[in-house]
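Subject: Handing over a structure

Dear colleague,

Please find below the structure I would like to pass on to you. My notes on it come after.

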Protein chains: 2
Amino acid sequence: MDHTKILLDENEMPKQWYNILADLPVEPPLNPATNEPMNPADLEPIFAKELINQEISSKKYIDIPEEIREIYTLWRPSPLHRAHRLEKVLGTPAKIYYKNESVSPAGSHKPNTAIAQAYYNMKEGTERITTETGAGQWGSALSLCCNYFDIECKVYMVSSSFYQKPYRKSLINLWGAKVVPSPSPDTQFGRKIREMYPDTTGSLGIAISEAIEDAALNDNTKYALGSVLNHTSLHQTVVGLETQAQFDKTEDYPDIVIGCCGGGSNLAGVSLPYIRDNLAGKTNTRFIAVEPSACPTLTAGEFKYDFGDMAQMTPLLKMYTLGSEFIPPAIHAGGLRYHGASPIISKLVADGIMEATSYHQVEVFDAAVTFARSEGIAPAPESAHAIKCAIDEALKCKQTGEEKTILFNLSGHGHFDMGSYDKYFSGELSNE
Amino acid sequence: MDHTKILLDENEMPKQWYNILADLPVEPPLNPATNEPMNPADLEPIFAKELINQEISSKKYIDIPEEIREIYTLWRPSPLHRAHRLEKVLGTPAKIYYKNESVSPAGSHKPNTAIAQAYYNMKEGTERITTETGAGQWGSALSLCCNYFDIECKVYMVSSSFYQKPYRKSLINLWGAKVVPSPSPDTQFGRKIREMYPDTTGSLGIAISEAIEDAALNDNTKYALGSVLNHTSLHQTVVGLETQAQFDKTEDYPDIVIGCCGGGSNLAGVSLPYIRDNLAGKTNTRFIAVEPSACPTLTAGEFKYDFGDMAQMTPLLKMYTLGSEFIPPAIHAGGLRYHGASPIISKLVADGIMEATSYHQVEVFDAAVTFARSEGIAPAPESAHAIKCAIDEALKCKQTGEEKTILFNLSGHGHFDMGSYDKYFSGELSNE
C-alpha cells in the first residue's frame with residue numbers, strides 16, 4: 001500500500017530554523033521620522049530583544065531552544081500527506097503533497113512562531129502581550145502559547161472576523177486570553193476609527209495600530225505580530241525543513257511549492273528552505289504565492305516603502321502594498337485581508353524568484369469542497385487558496401501529461417469557518 | 001527528550017479487528033413480538049448482510065478490507081500522546097497517556113465504523129443510508145464516509161444538538177449529506193412526537209426511530225447506527241489494537257483504561273483488546289466507563305431487555321437502560337445522551353469486568369479546561385468525561401505515591417462545541 005502520510009519521529013524534528021537573510025538580505029525598515037534605517041534599539045519598547053536580534057540577524061541557522069522544541073512536540077512534526085484521492089478525482093498524473101499544519105491545537109501553522117515569541121518574551125520578563133488577529137488563527141495561537149508561560153494576552157480581533165467566527169474567540173478565551181473586536185473602544189486609535197467609520201468591518205492595519213498603542217502605553221507589555229516580520233518567517237521555516245526531511249523518505253522532490261499569502265508567514269515557512277536550495281544552485285523549484293482577488297497585494301500592489309498599519313505607527317517596510325489605508329472587503333479568508341506582504345516574500349516576488357497569482361473567493365470555495373470530499377479535511381478558506389492553485393497546476397499536468405510533484409501548505413483547518421461554508425452553499429457568497 | 005507522541009507507521013496499522021464475542025458471548029437480541037432470539041434475516045431490510053454477519057459472528061478476528069484500510073490512512077494510525085504537561089500540572093507520579101482520535105477529518109473516532117458500514121453497504125448495492133446523530137459526531141462521520149462510496153446519506157440530528165452545534169450540520173453538508181432536526185416532520189414517528197411534545201429537545205431514542213422508519217419505508221435504503229451494536233464495537237477495536245502496538249514501543253502498559261460512555265463505541269474500541277488480554281489471564285487491567293450524571297445508564301439503570309429506540313421499533317437488547325422513553329436533559333455532551341448502553345459494555349459492567357462512574361457537567365468542563373491549558377487540544381465535552389476520570393485517578397496516585405499508567409481515549413475534539421464552552425465560562429452551565 002502506497003503511503004498516505006509521511007511522518008517524522010520527534011527526534012527528526014529540525015533543531016534549527018533557517019534564516020534566509022543570510023542568503024538574501026532585504027532592505028531595512030526605515031524610521032518614518034528620518035527616512036533612515038531604524039535603530040534596532042528603537043523597537044525595544046514593543047518587542048523582546050531576542051526577537052529584534054533575529055529580525056536583523058544574518059546568521060544562516062538559529063538554534064531552536066529546547067523548551068520550544070518540547071512544546072512543538074505537542075503536535076510536531078506535522079504529517080506530510082500524499083493527496084492520492086485528490087489526484088484520482090482530478091485524473092492528473094501530477095503527484096500532490098500537502099503539509100498538514102492544521103494538526104496544531106490552534107488549528108494552523110501560527111503556533112510555530114507564537115511559541116517562540118512567547119518564550120523569548122518570558123525569558124526577558126514580559127508579563128503581558130498584545131496582538132491583533134485577522135481570521136482569529138493568530139490570536140488563538142498566541143493565546144495558547146502565552147498560556148504556557150503564564151503571560152497575560154490581549155487580542156484585538158478584526159471586527160468582521162469577530163462576528164463571522166464567534167467560536168475563534170471562544171477558543172481564545174479557553175486558553176485564557178482576552179479578546180475584543182477591533183476597532184475597539186479600548187484604545188485612542190480604535191475610538192477615533194469608530195467615530196470616523198461607524199460601519200467599518202475593521203482591518204488588520206487598524207487592529208495592529210490598536211495592539212501597538214496598547215503595548216506602548218502599558219507597563220511590562222510587549223507586542224507580538226503573527227506574520228510579515230522576518231522573525232515570524234524564520235520560525236515558520238520549521239514547516240519547510242520538516243517537509244524536506246519527509247521528502248527524503250520518498251522518491252519525490254517538489255517541482256512547485258505553493259502557499260496562500262496574507263502577511264506571508266505560512267508561505268515563507270513552507271518555501272524558504274527550498275528557495276535556499278534554489279539560491280545555492282542545487283534545485284530549480286517554482287514557487288507560487290496565492291492571494292485573494294479582493295486583496296491583491298502581490299499581484300496589483302506597488303513595491304515600495306509603506307507603513308505596516310493604518311495609524312502609521314510602525315516603521316516603514318519595503319514591501320508590496322495596496323496602501324496602509326486600504327480596507328479590503330469582508331471576504332471569508334480573513335487571514336488574507338492585509339494591505340501589505342512580508343518584506344521577504346515581497347523581495348522574492350520582485351526578484352522573480354517567486355510568482356504570485358490571485359483567485360476569487362467562490363472558485364476558492366469550490367476547490368475547498370473538492371478537497372474536503374476527497375482528502376476529508378475541511379480546509380480554512382485561507383488555505384483553500386493554495387488548494388485552488390495546486391488543483392490548477394495539477395490540471396495543467398493533466399493536459400501536458402507531465403508528472404510534476406506539487407507541494408502546498410495546508411496552513412489550517414476550517415472548523416471555525418463553517419459559517420462561511422454555509423454562505424457558500426446557500427449561494428450568498430459574493431465573488432469578490 | 002522524552003517522546004510526547006508515540007506514532008505508528010501505516011504498515012503497522014492493524015489488519016484485523018478483534019471480536020470480543022469469540023471470548024465473551026452476549027445474550028442475543030430478542031424479537032419483541034415473540035420474545036424469541038431474532039432471526040438475523042429479519043434485520044436484512046435495514047442492515048447490510050455483512051454487518052449482520054459481524055453482529056453475531058464468533059470469529060475472533062475479522063479482516064479489515066484493503067479499501068477500508070486505505071481510507072483509514074487518511075488519518076490513522078492516530079497518535080498516542082503521553083500527557084507530560086497534564087501530569088506536571090497535577091503533580092502526579094502517574095503516567096497519563098491518551099489516544100488522540102480527534103485527528104480524523106470528522107474530529108472523532110466515529111469514522112472508524114462509518115467507513116466500514118458505508119463500505120459493506122456499497123458492496124451490497126445500497127444507494128442511500130439513513131442515520132441519527134446526537135452531538136453530530138456520528139452524523140458528520142457517516143456523511144464523510146458515504147461520500148467516499150457515492151452513497152446518499154440522510155441524518156436525523158437530535159434537536160438540542162442541531163441548535164447547540166450549528167456548525168456540525170455545516171460539516172455534514174460539506175461532505176454532501178442531508179441533515180434535519182429530530183423530531184422532524186419527515187417521518188410519521190417524528191410528526192407524532194412533535195404533536196405530543198411540542199417543546200421537546202429530542203433524544204437519540206427518537207432520532208433512531210425516525211431513521212429506521214425512513215430506511216424501512218424507502219427503496220434501496222439501509223440504516224446505520226454509530227454505536228451500541230456489536231459491529232460498531234468491533235470496528236472501533238482498531239483504536240485499542242493500535243494503542244497496544246504503541247505501548248509496545250514504550251516501557252509502559254496501562255494499569256487503567258478509561259473511556260466516556262454513551263452508546264459505548266469509543267470505550268469498547270479502546271478497551272476490548274485489553275479486556276481480551278485480561279480474559280486470557282495475561283494482564284490485570286482496570287477499566288472505567290464514564291457517563292454523565294444526567295444520563296446515568298450504567299450507574300443507575302437496570303440490566304434488562306429493552307428497546308434501543310423510543311418508538312420501540314428495534315429488537316430488544318439486553319443492556320443497562322434508563323427505559324426507552326427516558327429523555328435526558330439537554331446537557332452539552334450530546335453524544336452521551338442515550339438511555340441504553342451497548343450489550344457488550346453492559347455485560348462487562350454486569351460481570352464486574354468494567355467499573356462505571358458518573359460526573360456532573362460543570363466538573364467535566366473544569367477538567368476540559370485543565371486539559372486544554374496543558375495539552376493544548378480543546379476536547380469534546382463527551383471526551384472530557386474520560387479526562388475528568390483520568391485526572392481523578394492520577395490525583396489518587398498523587399496521594400498514594402503509585403506510578404500507575406493511565407490510558408484514556410480522547411474520542412474527539414471540541415471545535416464544534418465552543419458554544420458549550422462559552423456557557424461554561426459565563427457561568428450559565430447547570431450542574432445536571
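Predicted model: local features only at pLDDT ≥ 70, side-chain atom pairs only at ≥ 80, totals over all residues.

Residues are numbered from 1 along each chain as its sequence is written, chains are lettered from A and ligands numbered from 1 in the order in which they are written, and side-chain values use heavy atoms, with hydrogens and water left out.

An unreviewed UniProt entry annotates Lys110(A) as "modified residue: N6-(pyridoxal phosphate)lysine"; such positions are given in the numbering used here, feature names are shortened, and annotations may be inferred rather than shown by experiment. Lys110(A) lies in the loop between β7 (95-100) and α4 (111-123) of chain A, where helices (H or I, at least four residues) and strands (E, at least two) are DSSP runs numbered from the N terminus. Lys110(A) is buried, with a relative accessible area of 12% (buried means under 20%, exposed over 50%, partly exposed in between, with a 1.4 Å probe and protein chains only). Beyond its neighbours within four places in sequence, Lys110(A) has contacts (heavy atoms within 4.5 Å) that include Trp138(A), Ser227(A) and Ser265(A).

In chain B, four strands form an open sheet in the order β10-β9-β8-β11, with parallel pairing (two strands pair if DSSP finds at least two bridges between them). Because β10 (178-182) and β11 (221-223) of chain B each have a single partner strand, they stand at the edges, and one side of each is left without a neighbour in the sheet. Strand β8 (residues 128-133) of chain B is joined to β11(B) by three bridges, and Thr130(B) has Tyr223(B) as its bridge partner in β11(B).

A rotation of 180° with 0.0 Å of shift along its axis superposes chain B on chain A, with an RMSD of 0.0 Å (by least squares on the C-alpha atoms of residues with pLDDT of at least 70 in both). The two copies are thus related as by a two-fold rotation axis.

Over all chains, the structure holds zero disulfides (pairs of cysteine sulfur atoms within 2.5 Å). The sulfur of Cys397(A) is 11 Å from the closest cysteine sulfur, that of Cys389(A), which is too far for a bond, and Cys397(A) is buried at 1% relative accessible area.
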